[in-house]
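Work through the exercises below with the sequence and the model in view. Try each task before reading its solution.

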Amino acid sequence: MRALVLIVFFAQLLKPTCQQIPRQCANSEALASRQCCPVWSGDGSACGARSGRGICQDVAVSDQPDGPQYPFNGVDDRERWPLTFFNRTCRCLRNFMGFDCSECAFGYFGPVCTERRETVRRNIFQLSKAERQKFISYLNLAKNTISPNYVIITGIYNQMSNSSAAMFKDVSIYDLFVWMHYYVSGRSAWRGEYVWMQVDFGHWAPAFLPWHRVFLLRWEHEIRKVTGDSDFAIPYWDWRDAQECEVCTDELMGGQSPLTPNLISPSSVFSSWKVICSREPEYSMRGILCDGTEEGPLLRNPGNHDRNLADGLPTSSEVDFTLSLSQYDTGSMDRMANMSFRNTLEGFGNPVTGIGNSSKLGMHAAIHVFMNGTMSSVQGSANDPVFLLHHAFIDSIYEQWLRRHQPEKSHYPTANAPIGHNSEYYMAPFMPLYQNGDYFISSKEIGYEYSYLQDPGQRFVDGIVSYLEEARGLWSWLLGAAVLGAVCCALLAVALAKLRRLLSRRGNRSPEKQPLISSSEGSTDSYQAMIP
């Protein structure tokens, strides 16, 4: 058995286990009781029970069998999530959501979460200049604001239960999500002494698309909270047929440094960003966890990637072929799956033939390789803000497939998928809890839409709104110009009036000088005709 689980020197494939925890549950008492049912401040009761928002109850996990890819039991903190840490959590009712049921479910707004509203994710190049600047400022705000709701754990459960020292750490809102992506893409079993490569709770299997859908929804949700902008929606980058990284400009996600092409241009705010959780497999080999410590600058050198791994950016024809595949997942439901929509979109199925375990990466994975830097690491990829634009577009392709093929919910596998990917499995490391199968539905059912998937009439209306938003940015300039113009006109009118009176007085004194002012009664070539 030991031979099966040797640490392998294979970049990006190993990671220890950890998780993010609500602040109210980040203490030894909550961990000892295995209960995370925080009090909602609105009524002073656990989970807002007095207000009918939720109840504290036992977590019921699925007993459906997993696939053969992971031959262990009870060695990884993410197994049967979240039971290693908590077996009682809040179950929110009606349209409420959150670890304490204080928030509204996706798609609902208002003080009691009764306002149903649909937000629209738009192409980043269709945003006005003001909207693009606002998006960049939101990203930077999230990067520099400590998460008010969550902390990360810097040790595994066994270490925490045998130590009197605190093993929690503050992290920024943006880095919280970087860390969660690092967590879910781990390859290691850390309660035992071995490392196991063939495991990933958010990639390589059916939950890849639902997990990242919830990841984006949660990120969007946190940005709305920190900014107070309830209309915020993540934009997407439509990279079909692109020949270069079109969003890698100083106006958007940052251009290349003229001195060091692997770095971001100093003219971009992202040049000052520092990455976390980017040093796998070093953590695993040293037996440590990523603790959120800054590890260096954001790296990116798009297009200068290894052509043996991926050719370039995906084409429209490759997207069309992927969408034509009618089966969500097939066979072993992993990287070997043939004619699988999920596996082909994720990048392990050939986007021309649909055959799994392709010799080159395509679709989603090809973009990560193409970026040739921080984003090319599975665990550290979310450090790069291009990650959000990219995955929003991946999610839109997933949405297209759902609308075209309209699968029943039962089409999503309930059993025998790789561990963490069955329909009723709770997604690690999210708190509150979300099940994979619940996000095998149209985005319209959870409150958002993509602009290019709207009907033509709605796209026209949104286009007008975008135009007016762009014009609004010019209103202050136009108003200033109008005021200045009015002042100039007034001064000109006063000057002309004075000149008119002066000429009139001279005309009364000396009739012989009148021809110098006007040669005839109806002439338009006169000062008189120029005065309105």
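**Exercise 1.** Decide which kind of side-chain link joins Glu-131 and Arg-122, and whether these two residues are buried or exposed.

Solution. The model is a predicted one.
Step 1: a salt bridge needs a side-chain nitrogen of Lys or Arg within 4 Å of a carboxyl oxygen of Asp or Glu.
Step 2: for Glu-131 and Arg-122 the N to O distance is 3.1 Å, and the two side chains meet in a salt bridge.
Step 3: Glu-131 and Arg-122 are both buried.

**Exercise 2.** Find the distance between Lys-225 and Glu-103 at their closest N and O atoms, and say where each residue lies in the chain.

Solution. Step 1: the structure holds 28 salt bridges, and the pair of Lys-225 and Glu-103 forms one, with 2.5 Å between the closest N and O atoms.
Step 1: Lys-225 belongs to helix 5 (residues 208–227) and Glu-103 to strand 8 (residues 103–104). They are 122 residues apart, and the pair links distant parts of the chain.
Step 2: buried means under 20% relative accessible area. Glu-103 has 10% relative accessibility, so Glu-103 counts as buried.
Step 3: Lys-225 has a relative accessible area of 35% and is therefore partly exposed.

**Exercise 3.** Classify Arg-117 and Glu-115 by their accessibility.

Solution. Step 1: the side chains of Arg-117 and Glu-115 meet in a salt bridge of 3.0 Å, N to O.
Step 1: the range for partly exposed lies between under 20% for buried and over 50% for exposed.
Step 2: Arg-117 has 22% relative accessibility, so Arg-117 is partly exposed.
Step 3: Glu-115 has 38% relative accessibility, so Glu-115 is partly exposed too.

**Exercise 4.** How many disulfides are there, and what is the handedness of the link of Cys-25 and Cys-36?

Solution. Step 1: a disulfide is a pair of cysteine sulfur atoms within 2.5 Å. By this rule there are 7 disulfides.
Step 1: the sulfur atoms of Cys-25 and Cys-36 are 2.0 Å apart, and these residues form a disulfide.
Step 2: the angle about the S-S bond is 90°, and the link of Cys-25 and Cys-36 is right-handed.
Step 3: Cys-25 sits in the loop between strand 1 (20–22) and helix 1 (28–33), while Cys-36 sits in strand 2 (residues 35–36). The two are 11 residues apart.
Step 4: Cys-25 counts as buried because its relative accessibility is 2%. Cys-36 is buried because its relative accessible area is 1%.

**Exercise 5.** State the handedness of the link of Cys-104 and Cys-113, then that of the link of Cys-245 and Cys-248.

Solution. Step 1: Cys-104 is joined to Cys-113 by a disulfide with an S to S distance of 2.1 Å.
Step 1: the link of Cys-104 and Cys-113 has -85° about the S-S bond and is left-handed. Both of these residues are buried.
Step 2: Cys-245 and Cys-248 form a disulfide with sulfur atoms 2.0 Å apart. With 65° about the S-S bond, the link of Cys-245 and Cys-248 is right-handed.
Step 3: Cys-245, with a relative accessible area of 8%, is buried, and Cys-248, at 15% relative accessibility, counts as buried as well.

**Exercise 6.** Which residues is Val-214 in contact with, leaving aside its neighbours within four places in sequence?

Solution. Step 1: Val-214 is found in helix 5.
Step 1: its relative accessibility is 0%, so Val-214 counts as buried.
Step 2: the contacts of Val-214, with those neighbours left aside, are Met-427, Phe-430, Tyr-434 and Tyr-439.
Step 3: Val-214 and Tyr-439 are 225 residues apart in sequence, with 7.7 Å from C-alpha to C-alpha.

**Exercise 7.** Which strand gives the most to the lining of the second largest pocket?

Solution. Step 1: the second largest pocket has a volume of about 640 Å³.
Step 1: its lining has 26 residues, and Cys-92, Phe-96, Leu-433, Tyr-434 and Asp-438 lie nearest its centre.
Step 2: strand 6 gives the most to this lining, with 4 residues.
Step 3: by type, the lining divides into 17 nonpolar, 4 polar and 5 charged residues.

Key. Residues are numbered from 1 along each chain as its sequence is written. This is a predicted model: local features need pLDDT of at least 70, side-chain atom pairs count only at pLDDT 80 or more; totals for chains, interfaces and linings use all residues. Side-chain values use heavy atoms; hydrogens and water are left out. Buried means under 20% relative accessible area, exposed over 50%, partly exposed in between (1.4 Å probe, protein chains only). Contact means heavy atoms within 4.5 Å. On a 1 Å grid over the protein atoms alone, a cavity is a set of points where a 1.4 Å probe fits but cannot get out, and a pocket is an open set with protein on both sides within 12 Å along at least five of seven lines; lining residues have an atom within 4 Å of a point. Grid points are joined across faces, edges and corners, and a volume is the space filled by probe spheres set on the points. Ala, Val, Leu, Ile, Met, Phe, Trp, Tyr, Cys and Pro count as nonpolar, Asp, Glu, Lys and Arg as charged, and the others, Gly among them, as polar.
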